[in-house]
Amino acid sequence: MPLLGIALALICATGLAAAQGYPAGPVRVIVPFPPGGGVDGMGRLIGQKLTDALGKQFVVDNRPGANGMIGSELAARSAKDGYTLMVNGANFVTTPSLYSKVTYDPVRDFEPVSLVALAPNVLVVHPSLPVKSVKELVALAKARPGQVNFAGSGSGSTPHLAAELFNTLANVRMIHVPYRGTGPAIVGLMSGEASVMFMPTTNAVPLVKAGRLRALAVTSRERVPAMPELPTVSESGLKGYESSQWYGVLAPAGTPADVLNLLNAQIARIMQAADMKQRLTGEGLVAVGNSREQFAAHIKAEIAKWAKVIKASGARVD
């Protein structure tokens, strides 16, 4: 058996022994967004896989509102017994910088369980824009300050902040054209109202293949399996650039460590499975399933990183 498989098996065995009898009944999985979105889809997928693995129902409870704050507050205030979990996305770490009143602390009030998947964006441009690389886009934006527009799915959204990070690192000033969601933003880009967009991979792949948009780079740290020929923004000249939507599982602070370790081990096994990797690759996602400590470090780093970008851009929601 490969070393990774042995390690996961040992972790699972240790966790099962420590958390014997868990779960004894249904587990609520709070998703702080409406049904049908990316966070909801990941919550339902993970919930079903945990149900299959542990023999008890992991039931998704959608609690949308206030850009995820209503459901997140509910999760933070829930019983610390392992029977309430939360699946959330990248907005979890940007909300404190975008809103003046947030009633929970994403570090103090939660226990990270596992980062389960990354959803990189693709830097795409309208075919009419005379650029074919990141370097050419930077050069054009510097030659035309304030004249190159980018589409975003709302102020403070992942596509918006990905572009603002690009502005900061490239020292350019592309202008945000906000839309009410990803769909309208794509329509705006296709119609030429905006020239640039940091678009979810799932949406970008078919449009790029059809020649309706031109892809310049992916926003993740490494190239993505769905578009392996496409370079990253970082390797295209903006060293250190990285911006991805992500999905993770969290629990209320104070949840027993043995339960958290059991859940982490199960999620790691689920995300390492070949069928899961294949499924997520087909959807433009990258399976992760890391340790609790790695996820905690990721959250803290993301909070600090995006706080600087948001401050520099002046982005606010309230």
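**Contacts, burial and cores**

Author: Start with A79, which touches T84 and P252, leaving out residues up to four places away in sequence. Contact means heavy atoms within 4.5 Å. This is a predicted model: local features need pLDDT of at least 70, side-chain atom pairs count only at pLDDT 80 or more, and totals for chains, interfaces and linings use all residues. Residues are numbered from 1 along each chain as its sequence is written, and side-chain values use heavy atoms, with hydrogens and water left out.

Reader: Where is the place of A79?

Author: Helices (H or I, at least four residues) and strands (E, at least two) are DSSP runs, numbered from the N terminus. A79 sits in the loop between α3 (69-76) and β3 (84-89).

Reader: Why does A79 count as partly exposed?

Author: Buried means under 20% relative accessible area, exposed over 50%, and partly exposed in between (1.4 Å probe, protein chains only). A79 counts as partly exposed because its relative accessibility is 45%.

Reader: Is Q266 buried or exposed?

Author: Q266 is buried, because its relative accessible area is 6%. Its place is in helix α9 (residues 257-272). Beyond its neighbours within four places in sequence, Q266 contacts L50, A53 and L54.

Reader: How many residues has the largest nonpolar core?

Author: A nonpolar core is a set of buried Ala, Val, Leu, Ile, Met, Phe, Trp, Tyr and Cys residues joined through side-chain atoms within 4.5 Å. The largest here has 48 residues. Helix α6 (residues 158-170) gives the most to this core, with 6 residues. Apart from it lies another core, of 32 residues, including Y22 and M276.
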